[in-house]
Amino acid sequence: MSTGIPVRGGRPARSAGWTRRAGIGHSRWAVVGGFAIAAVLLFVVAPAVLSPFRLDLLGKYLCFAMVAVGIGLAWGRGGMLTLGQGVFFGIGAYLMAMHLKLADAGPGGTPDFMALISSDGVPLWWEPFRSGLVTVLAILVLPAFVAGLLGLATFRRRVRGAYFAILSQALAAAFAILLIGNPTATGGSTGLNNFRGFFGFNLYDPVNKQMLFFIASGVLLAMVALARQLMVSRYGELLVACRDAEERVRFLGYDPANVKTVAFMIAAFMAGIAGALFVPIVGIVSPNDVGIVPSIGFLIGVAIGGRTTLLGPVLGAIAVAWAGTTLSETFPSGWTYVQGFLFMLVIAFLPGGLASLRGVWSGLRARLRRPPPPSPEPVDPAEVAEPTGARA
């Protein structure tokens with residue numbers, strides 16, 4: 001029985017047709033040219049045409065796009081419906097916020113919100129994050145470590161599909177409740193805000209705010225490059241095979257749990273970095289930024305853009321975030337319904353997202369241009385042979 005996975009030498013073979021359909025099988029010069037155009041748009045055009053306020057908004061959208069790149073890898077390639085990326089986004093964001101509050105308080109000082117709420121001083125587990133190096137290492141390691149533990153605990157028990165989605169969503173809800181229930185350590189429902197500096201740079205200086213935008217732009221381009229390299233590699237083909245025919249992959253000698261866990265860890269790694277950059281760019285982080293609603297919002301952007309493509313999640317996340325900001329200013333109570341309607345519309349009628357519109361349009365044109373089948377010639381009844389046995 002054929003499973004649809006090309007096999008060569010006992011391993012899943014590369015599929016050039018699949019990479020072309022996913023939008024990642026272009027020539028090297030086309031890829032370099034695409035990254036060059038994106039770099040010019042982000043580093044030259046955007047600062048020149050956007051006001052400082054709009055540039056900060058675009059930097060916020062780029063943070064969401066970083067999360068979307070990881071979701072595109074885990075969900076689009078690995079088939080893991082991750083409804084809890086807000087957890088890893090929140091871990092990176094709160095680690096960075098803790099360091100910034102401690103840095104603003106000075107050596108041995110107490111953050112302002114702690115001094116107002118309690119007189120117990122800084123919790124012991126906050127103290128390591130006075131160091132910028134420890135904070136950066138924790139941002140890079142801790143989200144991926146948590147994702148690795150969760151992935152091994154679930155995938156080795158073959159938990160997948162809707163069950164994995166519900167589990168990850170429950171984790172996001174529990175994380176938000178934990179943050180709200182510890183106001184003396186996390187700021188509670190208000191969160192952490194009012195940051196003045198970022199590793200020695202004044203956040204109120206427009207030049208430094210622009211520097212943060214450039215950092216976010218460079219990190220996003222690096223993540224897209226990393227995702228593309230993974231998608232065209234042997235690992236990317238194996239990840240797709242785990243999505244489409246997990247039992248076949250297991251029969252070939254691979255452990256799908258390990259393959260999925262790596263993708264889940266990479267997605268968490270990207271989300272953690274995005275959360276860490278979100279804090280100095282936006283200036284605040286709260287449970288509202290890391291719970292169930294933002295986690296679903298990340299997923300909606302990826303679905304609308306096209307989860308199986310390289311740039312679809314990025315463009316979808318930016319478009320949905322921009323639309324949310326624009327429409328919520330005009331229709332504060334209606335954007336949530338519009339967001340849900342768009343998600344249902346894409347899932348029901350355009351599963352490949354907006355990135356698949358070109359393919360759908362090409363297929364429709366091909367069907368319209370196809371000549372109609374020739375009508376059958378009329379049959380003369382006299383030429384029809386008399387059936388055997390019809391004679392008396």
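**Entry: the end of α4**

I started where helix α4 stops. The residue that follows α4 is G106, and its phi is positive, near 90°. I note that this is a predicted model.

I then went back along the helix. α4 covers residues 85–105, which makes 21 residues. I looked up its span from first C-alpha to last and found 30 Å, close to the 30 Å expected at 1.5 Å a residue. Is α4 enclosed or open to the outside? I found 19 of its 21 residues buried, so α4 is largely enclosed by the rest of the structure.

**Entry: α13, another helix followed by a glycine**

I turned to α13, residues 292–305. This helix has 14 residues and reaches 20 Å between its first and last C-alpha, close to the 20 Å expected. Eleven of the 14 residues are buried, and I wrote α13 down as mostly covered. Among the buried ones are P294, F298, I300, I304 and G305. What follows α13? I found G306, with a positive phi near 125°.

**Entry: the whole protein**

I stepped back for the overall counts. The protein has 16 helices and six strands. It has 392 residues, of which 45% count as buried. I also checked how far apart in sequence the contacting residues are. Of the contacts with a separation of 6 or more, 79% are between residues 24 or more positions apart.

**Entry: the cores**

I looked up the largest nonpolar core and found 95 residues in it. Which members touch the most others? They are V69, F89, W126, L192, L220, F264 and V279. There is also a second, separate core of six residues, and I300, I304, W335 and V346 are included in it. I had already listed I300 and I304 among the buried residues of α13.

Leaving out residues up to four places away in sequence, W126 touches M98, K101, L102, P111, F113, M114, A185 and L192.

**Entry: rings**

I counted aromatic pairs next: the structure holds 14. I opened the pair of F198 and F199. The ring centres are 4.9 Å apart and the planes stand at 85°, so I logged the pair as edge-to-face. Are these two residues buried or exposed? F198 is buried, at 10% relative accessible area. F199 is partly exposed, at 37%.

I also found a cluster. F64, F89, F278 and F298 are linked by ring pairs.

The charged end of R307 sits over the ring of W75, at 4.7 Å from the ring centre.

**Entry: positive phi away from glycine**

I know that most residues other than glycine have a negative phi. I therefore noted the exceptions I came across. F199 has a positive phi of about 50° although it is not a glycine. I placed F199 in the loop between β4 and β5 (201–202).

N194 also has a positive phi, near 60°, and is a residue other than glycine. Where does N194 lie? I found it in the loop between β3 (192–193) and β4 (197–198). N194 counts as partly exposed, at 39% relative accessibility.

**Entry: S168**

I looked up S168 and found it in helix α7, residues 162–180. S168 is buried, with a relative accessible area of 4%. What lies by its polar side-chain atom? The backbone oxygen of A165 is 2.8 Å from a polar atom of the S168 side chain. I then listed its contacts, leaving out residues up to four places away in sequence. S168 touches L81, T82, L83 and G84.

**Entry: G151**

My last stop was G151, in helix α6 (residues 132–155). Its relative accessibility is 0%, and G151 counts as buried. Which residues does G151 touch, not counting those up to four places away in sequence? I found R156, T261 and F264. I followed up T261. G151 and T261 are 110 residues apart along the chain, yet their C-alpha atoms are separated by 5.0 Å.

Key:
Residues numbered from 1 in each chain as written. Predicted model: local features only at pLDDT ≥ 70, side-chain atom pairs only at ≥ 80, totals over all residues. Heavy atoms only, no water. Phe/Tyr/Trp six-rings, centres within 6.5 Å; stacked < 30°, edge-to-face > 60°. Buried < 20%, exposed > 50% of the residue type's maximum accessible area, 1.4 Å probe, protein only. Lys NZ or Arg CZ within 6 Å of the ring centre and 35° of its normal. Helix = DSSP H or I, 4+ residues; strand = E, 2+ residues; numbered from the N terminus. Expected span 1.5 Å × (residues − 1). Core = buried A, V, L, I, M, F, W, Y, C linked by side-chain atoms within 4.5 Å. Contact = heavy atoms within 4.5 Å. Polar contact = N/O pair within 3.5 Å; in protein donor to acceptor, adjacent residues only side chain to side chain.
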